Amino acid sequence: SEPKKANFIHAHIDADLAEGKNEGRVHTRFPPEPNGYLHIGHAKSICLNFGLAEKYGGKTNLRFDDTNPSKEETEYVQSIMDDVHWLGFDWEDRLFYASDSFPKLHAFAVQLITDGLAYVDDQDAETISNQKGTPQKPGIESPFRNRSVEENLDLFKRMTAGEFNEGEKVLRAKVDMASPNMHMRDPIIYRIMEAHHHRTGDKWCVYPMYDFAHGQCDYWEGITHSICTLEFEVHRPLYDWFIDHLKDSEYRPRQIEFSRLNLTYTVMSKRKLLELVKDKHVNGWDDPRMPTISGLRRRGYTPESIRNFSDKIGVTKVDGMTDVSLLEFSVREHLNKTAQRVMGVLNPLKVVITNYPEGQVEELSCVNNPEDESMGRRAVPFSREVYIERDDFMENPPRKFFRLGLDREVRLRYAYLIKCNEVIKDEEGNIVELRCTYDPESKGGKSSDGRKVKGVVHWVSAGHAVKSEVRLYDRLFSDETPDAHKDVDFKEFMNPDSLKVLKECYLEPFVKDSKPLDHFQFERLGYFNMDPDSTPEKPVFNRTVPLRDSWAK
Ligand code: ATP
Ligand code: MG
Ligand code: MG
């Protein structure tokens with residue numbers, strides 16, 4: 001694969017390797033919580049973690065961070081695995097679930113209690129939170145902070161046995177109520193939850209907090225570099241505190257933070273994406289307008305385009321906004337090199353070529369991809385009746401309109417020069433058909449007498465075309481930062497025109513043999529792919545992106 005851009009994490013790893021840390025191993029993990037589908041932000045993290053292992057000859061684990069039973073579902077687990085594979089990465093036999101470590105985490109909690117480093121608190125969450133106070137002055141110690149080891153062991157045992165209700169008791173690490181870092185002020189490490197877990201069922205009624213599970217799982221899996229987003233920087237001292245009390249050799253995992261991806265005109269949090277799905281603002285997690293990996297796939301994005309995008313945006317420590325047009329650029333760039341060209345007419349206007357013999361069909365040889373000769377050529381049928389794009393005709397065009405007009409000539413791509421002689425209208429004055437003549441000497445597009453015809457338009461033979469539905473997408477939000485407005489819900493900024501369905505489009509017969517997700521360039525119109533909604537009777541195509549950035553100023 002292409003060489004990856006250097007980033008600050010490489011410098012950290014190079015230094016660790018130079019110091020001989022962790023026997024020179026590089027082992028990363030991608031740790032999604034299975035509470036939704038993966039989005040393009042996750043793709044950045046996947047490319048980064050698997051990319052590091054690739055660069056250093058290391059390994060990457062896939063770990064489901066499933067410590068919160070109330071929000072997690074098996075459907076999400078499957079979709080996450082599918083998406084990581086589709087992006088082109090493989091965890092091989094290194095699939096882990098944080099929940100598989102519940103027994104070890106519980107034993108570690110018992111060890112902390114035994115060492116006088118954890119205690120059961122009877123206060124409710126709000127009281128505990130209030131006692132933490134502000135970073136400027138020390139917090140208030142819980143009246144239960146100095147319970148004896150024996151009493152703590154007994155209470156935690158009874159919490160685990162289900163003797164108490166949710167919220168009645170929590171287990172807290174005994175760290176430092178005066179620490180300037182609020183996460184070090186005796187954080188809660190276990191809570192009671194009467195919830196069914198997607199893997200452990202009803203076995204547990206106490207569950208570890210994220211901070212108590214994450215680093216320990218890193219440790220047990222042999223992770224060397226635990227890459228996470230910037231908001232966890234302040235959790236790092238706590239991460240290290242747990243590892244200090246857990247480790248029994250020189251080996252230790254190290255947390256490194258980078259800035260998360262934010263995209264303009266997009267919301268990225270799973271909670272908000274779930275809201276769009278649940279409230280039916282979109283047609284499911286894989287709606288082609290969604291920034292989910294499954295949505296992008298269905299929209300026609302390729303794994304290469306997403307990986308190239310991830311590499312292009314780089315990895316930094318500074319939070320910012322990435323222009324969504326950079327993502328669109330990446331897919332355009334890749335599909336330009338790889339996509340099969342076809343002609344398709346989205347908004348058809350019938351053209352009858354009156355001097356072309358009735359019943360005659362010619363096979364014209366067309367280039368499949370001018371960027372890749374190895375893709376060869378295909379035969380495209382031409383006949384007396386064709387469709388062109390309505391927009392490519394004007395009855396009284398201005399001088400600079402280089403397409404078809406009455407008494408004007410235009411070139412039909414790959415075929416002939418045609419001239420419009422007559423415009424047929426219905427009773428209301430709508431144009432329903434054009435009567436044209438062709439120049440039989442102009443096959444391939446060149447005139448025999450040297451006259452210049454500037455315009456070239458695409459077309460399909462009416463009798464051979466495949467009638468299809470085409471779905472045109474625009475940005476889901478019309479505001480650049482839909483979730484950055486203090487008092488306005490992000491859904492207020494939804495673009496009402498984000499989906500336009502065209503029911504009567506005519507495509508070249510070539511598309512007949514395509515499968516869902518196959519990619520095309522419809523000449524002059526953009527990149528499209530076949531939607532899984534397609535049936536043999538009604539193919540459906542999605543526009544991935546137009547050929548040019550229509551939003552560019
Ligand atoms: P969300 O807020 O969307 O629910 P999350 O961080 O809670 O995201 P996780 O499933 O915990 O989602 O994320 C798995 C991994 O992906 C984490 O390591 C997280 O840091 C990373 N990740 C999540 N969102 C982004 C993003 N926007 N950019 C880069 N990495 C991200
Ligand atoms: Mg998370
Ligand atoms: Mg989350």
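1. Helices (H or I, at least four residues) and strands (E, at least two) are DSSP runs, numbered from the N terminus. This is a predicted model: local features need pLDDT of at least 70, side-chain atom pairs count only at pLDDT 80 or more, and totals for chains, interfaces and linings use all residues. Residues are numbered from 1 along each chain as its sequence is written, while chains are lettered from A and ligands numbered from 1 in the order in which they are written.

2. Start with the ligand. Ligand 1 is surrounded by 15 residues, where near means a C-beta atom, placed from the backbone, within 6 Å. The closest are Pro32, Gly41, Ser45, Arg260 and Lys270. Two or more residues of this shell come from each of helix H2 (40–56) and strand S8 (225–229). H2 gives the most, with four residues. By type, the shell splits into five nonpolar, five polar and five charged residues. Ala, Val, Leu, Ile, Met, Phe, Trp, Tyr, Cys and Pro count as nonpolar, Asp, Glu, Lys and Arg as charged, and the others, Gly among them, as polar.

3. Next, the overall build. The chain has twelve helices and 27 strands. Its radius of gyration is 31 Å, well over the 24 Å that the globule rule gives for 553 residues, so the chain is more spread out than a compact globule. That radius is taken over C-alpha atoms, and the rule is 2.2 Å times the number of residues to the power 0.38. Along the principal axes, the C-alpha atoms fill a box of roughly 100 × 55 × 40 Å.

4. Buried residues make up 37% of the 553 residues. A residue is buried if 20 or more other C-beta atoms lie within 10 Å of its own, exposed if 12 or fewer, and partly exposed in between, with C-beta atoms placed from the backbone. Two residues are in contact if their C-beta atoms lie within 7 Å. Among contacts between residues at least 6 apart in sequence, 70% join residues at least 24 apart.

5. The seven-stranded sheet. It is open, with the order S10-S25-S26-S27-S23-S24-S11 and mixed pairing. Strands S10 (340–342) and S11 (344–345) stand at the edges with a single partner each, so one side of each has no neighbour in the sheet. Pairing here needs at least two DSSP bridges. S10 runs parallel to S25 (residues 519–522), and three bridges join them. Glutamine 340 has phenylalanine 520 in S25 as its bridge partner. Helix H12 (residues 324–338) lies across S25, S26 (526–530) and S27 (540–545), at about 120 degrees to S27.

6. Strand S18 (residues 409–412). Glu409 and Arg411 point one way, Val410 and Leu412 the other, and all are buried. In a regular strand the side chains alternate between the two faces of the sheet. S18 pairs antiparallel with S19 (residues 417–425) over three bridges, and arginine 411 stands opposite leucine 417. With S21 (residues 456–457), S18 pairs in the parallel sense over two bridges. There, leucine 412 stands opposite valine 457.

7. Positive phi values to check. The S18–S19 hairpin has four residues between its strands, and tyrosine 414 takes a positive phi near 70 degrees. Lysine 280 has phi near 60 degrees. This lysine 280 lies in the loop between H9 (270–278) and H10 (293–299), and counts as exposed with 8 C-beta neighbours inside 10 Å. Arginine 524 has phi near 75 degrees. Arginine 524 sits in the loop between S25 and S26, and is partly exposed with 15 other C-beta atoms within 10 Å.

Terms used
Axes fitted to C-alpha atoms, helices over the stretch in contact; angles between N-to-C directions.
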